[in-house]
Amino acid sequence: MNEKEFAELSAASALGALDADQQQAFDLALAMHPEWRGIAERDLETAAALADYAPEVEPPDELRHHILTRIALTPQTDAIPVGAEPLPSTGVIQTQSRTRWMRSMFALAASLVLLVALGFTAVSLSDSLNRPDAVVALEQVQAAPDAQSAAAEFESGGGESTVYWSESVGKAVIVSDGLPQIAEDQSFELWFIRDNTPIAAGAYDPSGGDQDTWVLQGAMEPGDTIAITIEPQGGSPDGVPTGDPVVAIPT
């Protein structure tokens, strides 16, 4: 018997359609060719799967009587051909099928979790990359072990600015809440007041929100007073404040 002939018998055997001689030939071939066992197992799995979907049918009484008579007249034995391993039962095959199905569902669930995790990571990375430089600088300063801060209210009242700085980070960031309204052709300008001399530290336009966070440009030194003035758009043209500070923060 070649493999093709065995495969034909295997399909019929899985369906219980072989007569005694054919079944014996099939069992003998299986014992002689254990490498064909996979064919028989797949056919049994297919038959078991078909059985799961096939509706239960009550056999005719005549057929049932015939089968029971054949069973009563046929010697029952559990003998297994020499060298052959016992085929798994239908229950075992169904269990294996359910196990494979659960593994597939588990793999699918794991894939979905991985996709969600990758999506979350991508969103987090995108948020991190899109954060304003001033916000990133503020977090760096606040996380530094030598972080310091000082605050002062606006001269006009109704608002406050806080400056955060860290010598180890080398940055100073000012956070203002409630800045006064300015014209479209004006900007806010930051200053280091050092030995009564103003040193420009950057000009900014208001963001339009309730709070503005800006990084002071230049090196801050101990004892500097941080001030904000209202200047022509883009900053003071001659590097000197044109008006009184709206806020001055001693440090």
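## Helix α6 and its cover

Elements that cover the buried residues of helix α6 include β2, β3 and β6. Contact here means heavy atoms within 4.5 Å. Helix α6 spans residues 133-143, and its buried residues are A134, A137, L138 and V141. Buried means under 20% relative accessible area, exposed means over 50%, and partly exposed lies in between (1.4 Å probe, protein chains only). Seen down the axis of α6, the buried residues fall within an arc of 105°, so they line one face of the helix. The arc is that of the directions from the helix axis to the C-beta atoms. An α-helix has 3.6 residues a turn, so residues three or four places apart point the same way.

Helices (H or I, at least four residues) and strands (E, at least two) are DSSP runs, numbered from the N terminus.

## Basis of the model

This is a predicted model: local features need pLDDT of at least 70, side-chain atom pairs count only at pLDDT 80 or more, and totals for chains, interfaces and linings use all residues. Residues are numbered from 1 along each chain as its sequence is written, and side-chain values use heavy atoms, with hydrogens and water left out.

## Nonpolar cores

The largest nonpolar core has 21 residues. Such a core is a set of buried Ala, Val, Leu, Ile, Met, Phe, Trp, Tyr and Cys residues joined through side-chain atoms within 4.5 Å. I174, L190, W214, L216, I228 and I249 touch the most other members. Two or more residues each come from β1 (148-153), β2 (160-166), β3 (171-177), β4 (186-194), β5 (197-204), β7 (225-232) and β8 (247-250). Strand β4 gives the largest share, three residues.

I174 touches S161, T162, V163, L190, D212, T213, W214, L216, I226, I228 and I249, not counting residues up to four places away in sequence. Another core lies apart from the largest one. This other core has nine residues, among them L18, F26, L30 and A40.

## S10 in helix α1

S10 sits in helix α1 (residues 3-14). Its relative accessible area is 1%, so S10 is buried. Leaving out residues up to four places away in sequence, S10 touches F26, I39, A40 and D43.

## The four-stranded sheet

Four strands form an open sheet in the order β5-β4-β7-β8, with antiparallel pairing. Two strands pair if DSSP finds at least two bridges between them. Strands β5 and β8 are the edges, and each pairs on one side only. Neighbouring strands of this sheet are turned by 25° against each other on average, direction ignored. Axes are lines fitted to C-alpha atoms, for helices over the stretch in contact, and angles run from 0 to 180 degrees between N-to-C directions.

Strands β4 and β5 run antiparallel and are joined by six bridges. W191 has A200 in β5 as its bridge partner.

## Salt bridges around R194

The whole structure holds two salt bridges. A salt bridge is a side-chain nitrogen of Lys or Arg within 4 Å of a carboxyl oxygen of Asp or Glu. One joins the side chains of E221 and R194 (3.4 Å, N to O). E221 lies in the loop between β6 (211-215) and β7, and R194 in strand β4, so the pair ties together parts that are 27 residues apart in sequence. E221 is partly exposed, at 39% relative accessibility. R194 is buried, at 18%.

The side chains of R194 and D224 also meet in a salt bridge (2.6 Å, N to O). This pair links distant parts of the chain, 30 residues apart: R194 is in strand β4, and D224 is in the loop between β6 and β7. Both R194 and D224 are buried.
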